[in-house]
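Okay, thanks for coming, everyone. Let me put the structure up and then we'll walk through part of it.

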There are 2 protein chains.
Amino acid sequence: MVNSRTASPFKPVPDGTVTSPKGFQAGAVYSGLKTEGEGKLDLAILYAEKPCTAAGVFTTSTFKAASLRVCERHIAGGKAQAVVVNAGIANAYVGEQGVKDAEEICALVGRKLGLSPGRVLIASTGLTGMELPMGIIRRAVPGIPLARTGGHDMARAIMTTDRRPKEMAVSFELGGKTVTLGGIAKGAGMIHPNMATMLVFLTTDAAVERRFLQAALRDAADATFNMLTIDGDTSPSDTLLVLASGAAGNKHVKSDSPDADVFRAALTHVCAFLAKSIARDGEGAEKVIEVTVDGAASQKDARDAARTIAGSTLVKAAVHGNDPNWGRVIAALGRSGARVAEDRLVCYINGICVFDEGKPIPFFREAAVKAMSAPEVSIRVSLNLGDASATAWGCDLTEEYVTFNSKYTT
Amino acid sequence: MVNSRTASPFKPVPDGTVTSPKGFQAGAVYSGLKTEGEGKLDLAILYAEKPCTAAGVFTTSTFKAASLRVCERHIAGGKAQAVVVNAGIANAYVGEQGVKDAEEICALVGRKLGLSPGRVLIASTGLTGMELPMGIIRRAVPGIPLARTGGHDMARAIMTTDRRPKEMAVSFELGGKTVTLGGIAKGAGMIHPNMATMLVFLTTDAAVERRFLQAALRDAADATFNMLTIDGDTSPSDTLLVLASGAAGNKHVKSDSPDADVFRAALTHVCAFLAKSIARDGEGAEKVIEVTVDGAASQKDARDAARTIAGSTLVKAAVHGNDPNWGRVIAALGRSGARVAEDRLVCYINGICVFDEGKPIPFFREAAVKAMSAPEVSIRVSLNLGDASATAWGCDLTEEYVTFNSKYTT
């Protein structure tokens with residue numbers, strides 16, 4: 001995490017997106033996979049002008065969508081030059097046909113771009129239990145336009161229940177060269193059936209050694225996307241990919257490079273921004289909840305505690321109602337498994353101390369309620385046992401969430 | 001679990017409650033601890049005419065209420081002759097004063113009944129972060145009436161947000177003697193702050209060896225109360241106690257007794273009934289969800305899978321809307337950690353097969369919607385990998401739950 005008291009070394013790129021780094025193009029079309037109709041892009045390609053080093057982190061579900069299984073196979077070589085994504089149909093729970101279809105889509109994209117199919121990565125999001133309409137896809141792929149500003153269209157094409165596209169890019173110095181790191185994301189929970197998928201595509205023009213890229217991506221995911229909870233569910237399609245083109249001309253970054261930490265921090269910075277954007281866009285959500293646990297005895301304790309508090313149904317409902325309910329925060333902490341000493345515990349809600357040394361302390365309730373009516377509610381718990389800290393993000397639980405998620409078919 | 005094809009060996013006792021077994025009395029008064037006013041009993045005593053073998057299972061939270069810590073200390077000797085319970089104030093997050101207060105209440109009850117304070121167990125439920133008003137309790141304890149039919153009053157006294165009392169008793173044969181096992185429970189989730197506590201008090205007139213009683217209680221809790229999920233939260237006061245009087249005159253039951261299994265099954269039977277009653281009474285709940293996972297590779301897999309499905313926010317919302325959404329059931333299964341083989345998976349919702357061998361199968365949606373409009377929705381998932389099975393209980397997620405839990409202070 002970047003220290004807020006010093007200037008951030010990461011400069012936001014205006015209108016930054018996944019095609020902001022040098023050497024990337026993207027584009028999207030409406031092929032007919034989204035039932036909502038025309039104007040809703042649903043099939044996109046990200047293309048790298050030269051072969052890239054690639055790394056990926058995938059769903060922890062024991063069920064893996066067919067497209068994801070093919071993507072895992074293609075990325076195993078560590079090189080990629082394109083990513084094809086469709087929204088509308090997830091290509092999951094369709095048996096072996098799904099794998100054949102995903103392979104065919106990679107081949108279609110490879111033919112269009114002059115690449116071996118194994119250099120094309122793939123992701124799908126949308127309805128499950130339904131085969132991809134390959135006729136539509138075969139017709140659409142050749143017509144997907146590619147441009148160096150195409151990241152914005154791709155960001156829209158991957159949306160399902162998202163209310164807005166999520167994209168950003170930063171530039172920073174790496175070994176004396178200016179490099180750029182950008183990304184797009186989707187993921188909002190489930191309004192429509194089985195659409196909880198989180199997809200994130202990152203690009204950079206930095207030159208990065210593959211093993212280090214994979215390790216840095218895993219660490220960034222653990223600190224950001226894995227600290228994000230909308231409704232606790234996991235999709236068979238969750239995919240996080242990064243492609244590094246090397247077009248910036250820096251010396252390859254490896255784990256023992258002097259600038260390894262800068263690259264790691266940049267990756268975490270962009271991932272944290274996208275994770276928070278996903279939380280803000282949670283289904284029916286009106287507020288983002290940011291939970292920081294510090295003074296923990298271990299990193300695992302800090303993460304378990306922050307995530308459990310941010311994911312608590314009762315904490316989420318209390319935030320929705322502007323209720324400074326420390327009891328629910330502490331109940332979640334108590335079942336998180338983190339080591340705690342009741343008499344050292346301090347809890348703040350939007351900066352107001354509500355619990356100190358194991359007991360609630362008097363606070364002016366109306367002031368706390370007013371502070372909590374902001375669109376972001378921060379909860380800080382100090383365990384005062386050690387040096388580890390972690391931040392988790394979530395969103396409030398609203399009646400709208402329940403209505404959407406119970407009424408859509410009947 | 002009792003095989004449903006043979007007659008149950010456990011005969012329900014009409015109006016059965018915690019005082020149905022021989023040798024137990026109970027009673028309750030309104031002392032002023034519940035703010036809702038007169039007519040709401042809030043302080044109760046369960047009294048055994050002779051010393052009992054006692055066993056207990058307590059909260060898994062790292063935070064333990066003061067009353068619970070005193071109860072754990074008193075039960076360590078394995079003998080008890082009374083239980084005192086108050087509702088309204090939980091005696092939690094009040095520092096060392098809470099322990100002193102709980103000890104004093106046990107002493108007051110001991111004086112009333114002619115018992116050593118160490119033979120008195122204690123539990124408290126209600127608001128946290130607030131000291132018990134000891135003046136009120138000192139005045140009230142001597143006036144608590146005790147009667148062999150007093151279990152019903154005690155069942156009402158322990159209620160907080162519960163809509164109805166939960167009580168039952170069964171009689172069965174044990175070593176040629178007729179014995180009775182009864183119990184009461186409370187626990188409904190949180191409408192008011194920090195009132196999620198589950199309290200369960202069981203009694204039996206069977207003679208049971210202590211170590212076996214403790215092990216059987218733990219097993220029964222794992223198969224029932226630990227398979228129950230209302231909103232995933234845990235209270236610092238969760239308490240399950242059993243007192244065995246021996247008044248039935250049977251030979252002491254031990255782990256190697258021929259009738260050990262019968263006693264175990266009876267304990268599980270009563271606990272399952274009470275657990276299901278708690279699920280039915282979940283805050284804002286309109287339906288009970290019963291999830292059975294069979295064919296699992298291990299007992300742990302079966303329990304993890306059943307509990308994760310029953311606790312899924314999205315499954316709960318789907319049940320609320322009568323939506324036969326197999327995708328959400330399978331998403332929960334996929335993140336439960338249970339071993340699965342996608343192509344062997346079968347899923348039934350209220351008896352209707354909706355997913356078979358890894359793919360959704362056509363079903364008449366209107367029939368499924370109609371079947372799901374019943375007050376109980378059963379979900380069965382067959383993993384077809386082994387012989388282990390487990391059942392979990394939960395309730396639907398309603399707009400009312402969110403409204404109650406977000407609006408109560410503001």
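So, Leu228 of chain A has its bridge partner, Trp393 of chain A, in strand 16 of chain A. That's a predicted model, by the way: local features need pLDDT of at least 70, side-chain atom pairs count only at pLDDT 80 or more, and totals for chains, interfaces and linings use all residues. Residues are numbered from 1 along each chain as its sequence is written, while chains are lettered from A and ligands numbered from 1 in the order in which they are written.

Two bridges join strand 9 to strand 16 (388-395) in chain A, and the two run parallel. When I say strand or helix, I mean DSSP runs numbered from the N terminus: E, at least two residues, for strands, and H or I, at least four, for helices. Pairing takes at least two DSSP bridges between the strands.

Zooming out, chain A has an open, mixed sheet of seven strands, ordered 9-16-11-15-12-13-14. At its edges sit strand 9 (228-229) and strand 14 (359-360) of chain A, each pairing on one side only.

Now helix 9 (326-335) of chain A. How many of its residues are buried? 10 of 10, where buried needs 20 or more other C-beta atoms within 10 Å of the residue's own, with C-beta atoms placed from the backbone. Among them are Trp326 and Arg335 of chain A.

Conventions
Buried ≥ 20, exposed ≤ 12 C-beta atoms within 10 Å, placed from the backbone.
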